[in-house]
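Me: I would like to learn how to read a few features of a protein model. Please show it first.

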Amino acid sequence: MDKREREILNAAKLAFEEKTGFYFKILKFEPADKIRLDAVVQIHAPEDKPKKFYVQIKGDITKDTIGHVAGQKQRLGKPGILVTRHVTPPMAERMKELNLAFIDTAGNVYINAPPLFVYIIGQKKQDIPQESRTTRAFKPTGLKVVFALICLPELVKAPYRDVARAADVALGTVGWVMNDLKKMNYIKDRGKHGRKLLNVDKLIDTWIYAYARELRPKLYIGRYDTTKEDWWERADWRVTGTFLGGEPAAARLTDFLKPETIAIYGPEEINNFLLKNHLLKDPQGKVEIFRAFWNFDYPWNHVELAPPLLIYADLTATADDRNIETARIIYDQYIDRFIKKH
């Protein structure tokens with residue numbers, strides 16, 4: 001945990017105690033667990049036993065990143081609480097709907113752990129440390145490199161030219177991304193044994209959070225619609241140069257949900273695909289098209305689908321209950337297995 005995160009936690013602790021009169025004790029920083037956690041805390045309320053909560057600290061929370069935090073809480077299987085700089089009233093309402101406990105540095109709170117229930121909103125943002133400048137590795141171009149390394153972990157040992165080709169970035173980009181990842185303890189250079197990925201769970205968590213904020217909006221091409229029913233199920237994706245993401249990809253992997261929004265990744269020049277599938281521009285359409293940003297074949301049998309990490313990220317970016325639950329299945333079946341292996 002860096003200095004900024006500790007300052008956010010301490011400021012939120014003081015604001016919570018001031019607004020509620022309850023005692024908030026920090027028990028441990030960065031406990032070992034099956035998902036990356038920042039702290040364990042205990043809340044003492046009058047006439048109730050102390051309650052323990054497992055903390056994730058995020059500098060800022062948005063509608064695009066809330067789903068990932070909620071998904072992590074589900075996977076944790078323990079009482080979790082988000083600590084952040086500031087939660088607006090609309091965001092607080094959405095987090096309440098998701099039953100996602102939070103406290104912020106202004107004194108806004110939602111905790112529902114019977115008999116303990118606290119809900120305070122409308123407190124104004126406080127002047128505390130701002131989000132530090134995002135490391136270049138987690139800016140849009142760097143995120144493409146990190147994505148390639150996560151999807152193809154052996155690529156970390158490869159020449160930079162191979163990494164650049166797989167990530168579809170300039171050769172010079174790879175060097176500074178690799179240096180950033182080394183400084184952040186995500187890559188270790190073992191000399192003649194080559195480079196190795198470290199702290200893969202934390203790397204994946206950081207990538208998902210940064211992808212929703214930094215890269216996904218830049219990939220967006222537009223929304224479309226068609227009068228053809230279930231057209232995406234009949235399309236031959238192998239010859240279109242496009243991939244299914246989000247809900248339709250998850251539906252094929254899990255049989256758990258019926259897609260409402262069809263996420264597609266394809267080339268920037270998408271007109272031929274639109275014509276072939278009778279797709280018309282529509283701001284309210286149920287087809288979302290994004291530009292594909294990788295240049296490699298993911299090693300699995302689902303050639304028509306985007307890699308599982310991207311499917312998960314798409315699902316959590318919606319902050320939709322059913323998508324978050326489906327994302328948990330994707331995480332457990334595909335991503336968690338990868339983390340344990342590496």
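Reply: Start with burial: buried means under 20% relative accessible area, exposed over 50%, and partly exposed in between (1.4 Å probe, protein chains only). A319 is buried, with a relative accessible area of 6%. The model is predicted: local features need pLDDT of at least 70, side-chain atom pairs count only at pLDDT 80 or more, and totals for chains, interfaces and linings use all residues. Residues are numbered from 1 along each chain as its sequence is written, and side-chain values use heavy atoms, with hydrogens and water left out.

Me: What is the phi of A319, and where does A319 lie?

Reply: Its phi is near 55 degrees, a positive value in a residue other than glycine. A319 sits in the loop between α11 (308-317) and α12 (321-341); helices here are DSSP runs (H or I, at least four residues), numbered from the N terminus.

Me: Is N199 buried, partly exposed or exposed?

Reply: N199 counts as partly exposed, at 37% relative accessibility. N199 also has a positive phi, near 45 degrees.

Me: How are two packed helices described?

Reply: By the angle between their axes and the distance between the axes. Axes are lines fitted to C-alpha atoms, for helices over the stretch in contact (heavy atoms within 4.5 Å), and angles run from 0 to 180 degrees between N-to-C directions. Helix α4 (residues 140-151) and helix α7 (residues 200-219) pack at about 135 degrees, with axes 9 Å apart. That makes α4 oblique to α7; angles under 35 degrees count as roughly parallel, over 145 as roughly antiparallel, 65 to 115 as roughly perpendicular and the rest as oblique.

Key: Helix = DSSP H or I, 4+ residues; strand = E, 2+ residues; numbered from the N terminus.
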